[in-house]
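Subject: Structure handover

Hello,

Here is the structure I said I would pass on. Please open it first and then read the notes below it.

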Amino acid sequence: MTIAIDPVELARDLIRCPSVTPADAGALDLLQRALERIGFACHRLKFSAPGTPDVDNLYARIGRDGGRNFCFAGHTDVVPVGDRAAWSADPFAGELRHGQLFGRGAADMKGAIAAFVAAAARFIARCNGELPGAISLLITGDEEGPAINGTKPVLEWLRARGERLDACLVGEPTNPTRLGEMIKIGRRGSLTGHLDVRGVQGHTAYPQLADNPIHRLIKMLTRITERPLDDGTVHFQPSTLQISTIDVGNPASNVIPAEARATFNIRFNDRHSGKALERWLRAEFDAVGGGYDLKIDVSGESFLTPPGPLSDLIARAVEQVLGVKPALGTTGGTSDARFIKDHCPVAEFGLAGATMHKVDERVPVADILALVDIYAAVLDGYFADEAPR
Ligand SMILES: [Zn+2]
């Protein structure tokens with residue numbers, strides 16, 4: 001079968017589906033049609049959980065059983081457009097201007113999905129229907145949202161039916177500014193803490209009859225911010241703790257409030273775990289004393305796929321196409337690689353992320369075309385040592 005996929009047209013079509021989390025807006029149907037045209041068998045997987053929106057996902061596969069399965073993972077959902085009036089292009093039109101493709105999801109990450117589909121089509125065409133192994137795509141509609149009904153249950157579904165992934169490339173926009181700068185081999189963990197300090201309300205002129213929770217909150221926050229958490233590790237930046245908000249909401253200057261709240265977020269490297277950080281936080285807060293509630297939400301632990309065959313393979317492909325050697329990094333936010341790492345080696349490489357989640361998100365068309373070449377070189381390299389049959 002020799003059906004070519006135009007990656008730019010496919011990216012534009014995907015952008016035209018306004019799939020703001022948790023809406024799908026036809027994005028997965030469109031992708032499924034493109035994949036079925038080049039021979040993929042597609043499974044749609046809808047998951048639901050109490051208190052979260054239902055989410056549709058797609059697992060597509062082509063190739064023979066028994067060979068190695070190379071998986072590309074990504075998401076078709078996008079973040080909201082923000083201030084629509086500030087966009088110079090319609091965020092859902094897939095507009096091409098001055099060699100750039102504009103639209104929400106162009107960089108994060110419909111452009112990369114389209115590039116992988118085009119690369120897969122090229123590889124399949126060259127194999128003349130005799131694939132040396134299997135190629136699969138795990139595409140979720142729930143990455144930018146709570147990520148509960150997405151990649152994680154899809155991986156559980158795969159495991160339950162005995163479907164193995166041998167390596168996984170996640171197409172997130174890993175390059176800070178220019179294509180070829182960075183492959184991500186791990187991610188920091190993320191912990192959010194909601195601290196609620198309780199005191200006793202009273203008159204500011206009679207503090208002996210009250211207990212001011214703000215004073216204790218300030219002491220608690222000082223204790224956790226006055227020293228760095230660490231000074232970084234071989235593959236990770238230093239962990240960071242940022243207070244995101246302090247809320248008292250007290251309109252009266254002569255009232256000691258009964259309650260003061262704060263929220264903070266820790267991005268942590270492989271020196272820490274969510275559990276260990278929680279123990280440290282509670283010890284610091286207990287040292288200040290008094291009544292408080294602490295709610296902890298760990299959205300992902302830190303993880304690392306140490307530099308090895310998969311990162312080497314992607315780095316070689318990048319160098320071959322662009323002539324630059326990418327760095328191996330672990331910066332930025334978290335991604336669904338945090339779930340995949342429990343199943344197989346995983347690394348991330350996609351477009352440049354400078355405009356992701358921003359107004360006028362865009363990518364150079366030339367980058368999409370180069371990414372097709374890179375992904376195609378990754379597939380060639382991955383299956384190079386397997387005889388076709
Ligand atoms: Zn993304």
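Ala25 counts as partly exposed because its relative accessibility is 38% (buried means under 20% relative accessible area, exposed over 50%, and partly exposed in between, with a 1.4 Å probe and protein chains only). Ala25 sits in the loop between H1 and H2 (helices, H or I, are DSSP runs of at least four residues and strands, E, of at least two, numbered from the N terminus). Its phi is near 55 degrees, a positive value in a residue other than glycine.

Before the rest, some background. This is a predicted model, in which local features need pLDDT of at least 70 and side-chain atom pairs count only at pLDDT 80 or more, while totals for chains, interfaces and linings use all residues. Residues are numbered from 1 along each chain as its sequence is written, and side-chain values use heavy atoms, with hydrogens and water left out.

His357 also has a positive phi, about 65 degrees, although it is not a glycine. His357 lies in the loop between strand E18 (346-348) and strand E19 (362-364), and its 42% relative accessibility is why it counts as partly exposed.

Two peptide bonds are worth looking up. The one from Thr21 to Pro22 is cis, with omega near 0 degrees, and Pro22 is in the loop between helix H1 (7-15) and helix H2 (27-37). Another cis bond joins Asp108 and Met109, with omega about -5 degrees; Met109 is in helix H3. For context, most residues other than glycine have a negative phi, and most peptide bonds are trans.

Last, the largest nonpolar core has 70 residues (a set of buried Ala, Val, Leu, Ile, Met, Phe, Trp, Tyr and Cys residues joined through side-chain atoms within 4.5 Å). H3 gives the most to this core, with 16 residues. Among the residues with the most contacts inside the core are Leu35 and Phe70.

Regards
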